Amino acid sequence: MKRWTKLVVGAAAVALATAGCGSGGGSSDAGGKTLTVWLMSGSAPTSLTDALNKEFSDAHPGVKVDYRVQQWDGIQQKLTTALTSNNPPDVIELGNTQTAQFAEQGTLLDLSDSVNDLNGGQWLPALKESGTWDGKQYAMPFYAANRTVIYRKDLFAKAGITAPPASNAEWLADIDKLKAANATDPDFQALYLPGQEWYTLLSFIWDAGGDVAKQSGKSWQATLEAPEAKAGVAFYQQLVNASGTRAPKDTDEAKPQQSDVFAQGHVAMMIGLPWELAGAVKANPQLSSQTGAFPIPSRTAGQAAPVFLGGSNVAIPAGSKNADLAKQYLKLLSGAKYQSQLARAGSVPGTSTDTSGLDATEVGAAMARAARHGKVTPITPKWGPIESGENPLKSMLTAVLTGQKSIDAATADANRAIGQALSG
Amino acid sequence: MSKKITISVVALLVAVVFAFPTYWMVATALKPSQLLLSSGYDLVPTAVTGRHFADAVAKPNFLTYVRNSLVVTLGAVLCALVAGLLAAVPLARLRFRGRRGFLLLLLVAQMAPFEALLIPMYLMMRDLDLLNRLPSLVLVYFATTLPFTAWTLRGFILGLPADLEEAAMVDGCGRWGAFRRVTLPLLGPGLVATSVFGFITAWNEFLYALVFMQDENRFTLPVWLSSFQSVFGTDWGGTMAASTLFTVPVLIFFLVVQRNLVSGMTAGAVKG
Amino acid sequence: MTATENPPIVTPVPARPAVARRHRRPGVAALPYLLLAPATLTLLVLLGWPVLSVLLTSFRRLDLRELVQGKVVWVGLDNYRAVLGDPTFWTVTLRTLAFTAACVIATVVGGLAVAVLMRHVGRAVRTVLQVSLVLAWAMPFLAATTVFQWMFDQNYGILDKTLVRLGLTSFAGHSWFTTGFSTLAVIVTLITWQGIPFVAFTLFAGMLGVPAEQYEAAAIDGASGWQTFRAVTWPAVRPLVTLVTFLSLLWDFKVFPQVWAMREGGPDGGSTTLAVLQYVKGIAGSHFGVAAAVAVLMILVLVGLTAQNLRLMLRAQEYR
């Protein structure tokens, strides 16, 4: 603990020292400064970033915004190495489960004093939390997205279902109706649910009152062996069995892409993100008028299950030579103007509670409704590697669904693996 | 005669097995998106579209990436062939102190996992101020293909009967003349095999190209290829079309060197 | 002065370098060093230094913080303790060895067979075969791994569908990735498929270097195909076979992208190799010291594995 604070102080000192010599090193010709901004591919529409960058350079004469879109593939290495360079980027986007790792390592600038400046009162709580480390704020929420159940209205009508299910029990009953109404289609699947869609599993575990791990003081304990967590796993299994999904039990929704499967037209429901629907519609334009969405149902009738809030934060590297300009840039981004554009583009905005832009589409509206119950994975630098490594939750699901292990045995194994990873 | 036919049939079957995944890549690139995953039996696509190819080529900077990839790859191949050949000759034909040490260096240099070298290499390029410049990639690909090139060329030279060279020297050619007129022509196939290896290795490399280059107009084709994947999922039709286009220059390179070297040189070996 | 003026070389003894022994002249002593200089410099600076730096890193704690701030924190053998203390390390090492052996044997034997095939077919068929090999070799990793996953997909894969068509109905919806073993088998197939072209071309090129007279002489002697292979082809390509075996061993032992992309080391860690372990334990969590320790251990295993090979290859260099 003591060592840690020392290092933060050290990091701050280094940051200050490098900030001091900023004008000499990285900034380019004619006394002009360059603000380097790295956002991820697909995060914000080009129309938004173009307008944002223009407004920023107009407001700061002599400052050039060097805006670069980054690919997700290899981003960890790209960021890691870029932060060591003599002239790191000034604004970076970090996945929300990735943020703690960068914050804990003292590589990000402490933004605690700027939160109010950045529209802090309206930050999406779960994202705010993901950018917090040791009581300090190291990142500003950017945008979020969460899963909803995307369904075929025409198939629901054909099965005589008039309203989306309001509880798990209704959901299971609807699955039976859908199966009965489409018994003649050999390729029909009431719900497409791959064996390793662990973000959906999180919903069920949280809905049952459980969690993956809990924090006590500085340490984390895995809690998958609790009855609530097991109940979540059991419901996932029940859903897979009831729906008769032919999705592979040993992959997630990316292999094959579930949107491509949905586009075939023989699937009545999938649990996915808005752009997965967009992908399916692109491949099969007919679907656009036939699809709707509802929040993942809860075991408690009338409620929505908590959902995993995926998304991104934006942060300023500790080594940035233009930290003040970078803060100005974040301030502009956090304002209502660009936040509403984010919502209209189909994301839950990170620094604004106004989600009305999402209501334009049914899937957007359902997502905004569910986002209120948004949660995130344990906020510890140890979590990122669990997710990007061999995720024990995935192995656990496959083992249960293929009958290789009982729920008790599988949760015990996963509990041990996650417990080790969180403490190690 | 029938034996000859049997062998040809076997060879063609092997060719089919090796070409099939490539065929599948091209076929997928030509399929309309909704047929990518089809439960029907579609060994031959049931419908065909050129859209994915058009989309892939229409991505901004495509030609710049092609140029960058060619510069980096050909530069690295050329350097590796020259330095590799220079090293291979003494290793195969001369005796000198330190030979074994160098051979050991060649062998052990190839043992380190490429991923583990990323950070030290990045720091080195940073300190040499070569980041965001294409020569940094030329250097990395040159260095990583050099041990292989030198060692393989040495193997080829060892496989050549030294008697031929000696005969030439007895006939009055100098050492260099003997090398140029006898050994070098016979080395043709070896040079082809190693240059194709170097070309493909450098052409395919993604991680270093991604990390070393910052400006979009300095990216190479593998980075472009990865841009078909995003949080929105992967554009498979686009990826496969792009991969197909990506493969074409390698094929051209192979056909060019194959025609100019293999056939000419084997003839040379017989005619002398 | 031409080769044809030599008497036909009937004895299929591999030619060995003998030039040096006979032609030692003063002034030539510096020649080998001059010729070696560019390669030596390149290797020492561009590969030697990074490798040395990995070795040093394996004794340091090098997480993001240390990396970004340029701090040097020595931790002695901590990284090695962390890696070796993990009970799965040895399982993974054994698995990697078996996996490597399977890849190397399949690649080298397959490549040799294809090379012999190339030698014996007519020009047109050979071109077809060569082009298809280059296509396989040139296919980008991303495309190759994806296409293989599609071909092996349990619902939409062309393989299962074809097997069902051939009457093997039990393969309907068969998953090739339920066990680590069968997942690794698919990966071995992929790597062999990608690796054979290189081996085949190298060995074929080696065979082309054999003067046609040797084959003619063998034919005159009435040697059978197998005898000709044993007597003429094999001695000529043996150094190359040793070479490609050695190289395949190095590459397959370290291979990462294909193994990771297929099932991320799953199911349940069943297809985790040392390269995957390095990624999971080190790089994914930005523990570069740990990653370096795994890398050093991998080099040690490789050296141990190839020590005999190295010694043989180096001893073959001794002049008798």
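Let's start with strand β10 of chain A, residues 269-272, in this predicted model. Both of its faces are covered. On one side sit Met269(A) and Ile271(A), and both are buried.

Which strand pairs with β10(A) over four bridges? That is β7 of chain A, residues 148-152, and the sense is antiparallel. One bridge to point at: Tyr151(A) has Met269(A) as its partner in β10(A).

Next, the open sheet in chain A. Six strands, in the order β2-β1-β3-β13-β6-β14. The pairing is mixed. Which strands stand at the edges? They are β2, residues 63-70, and β14, residues 348-349. Each has a single partner strand, so one side of each is left without a neighbour in the sheet.

Further in, take β1 and β3 of chain A. Strand β1 covers residues 33-40, and β3 covers residues 91-95. They pair in the parallel sense, over two bridges. In β3(A), Val91(A) is the bridge partner of Val37(A).

Now chain A as a whole. The count is 17 helices and 15 strands. Its radius of gyration is 23 Å, close to the 22 Å from the globule rule for 424 residues, so chain A is as compact as a globular protein of that length. Along the principal axes, the C-alpha atoms fill a box of roughly 75 × 45 × 35 Å. Buried residues make up 53% of the chain. Among contacts in chain A with a separation of 6 or more, 77% join residues 24 or more positions apart.

On to chain C. How many of its residues are in contact with chain A? The number is 26, and they meet 27 residues of chain A. Helix α3 of chain C, residues 64-69, gives the most to that side, with five residues. By class, the side of chain C that touches chain A holds eight nonpolar, 13 polar and five charged residues.

Last stop, Leu35(C). It lies in helix α2 of chain C, residues 31-57. Buried or exposed? Leu35(C) counts as buried, because 20 C-beta neighbours lie inside 10 Å. Leaving aside residues up to four places away in sequence, Leu35(C) touches chain B: Leu86(B), Ala87(B), Val89(B) and Pro90(B).

Terms used
Residues numbered from 1 in each chain as written. Chains lettered and ligands numbered in written order. Predicted model: local features only at pLDDT ≥ 70, side-chain atom pairs only at ≥ 80, totals over all residues. Pairing = 2+ DSSP bridges. Rg over C-alpha atoms; globule rule 2.2 N^0.38 Å. Buried ≥ 20, exposed ≤ 12 C-beta atoms within 10 Å, placed from the backbone. Contact = placed C-beta atoms within 7 Å. Nonpolar A, V, L, I, M, F, W, Y, C, P; charged D, E, K, R; others polar.
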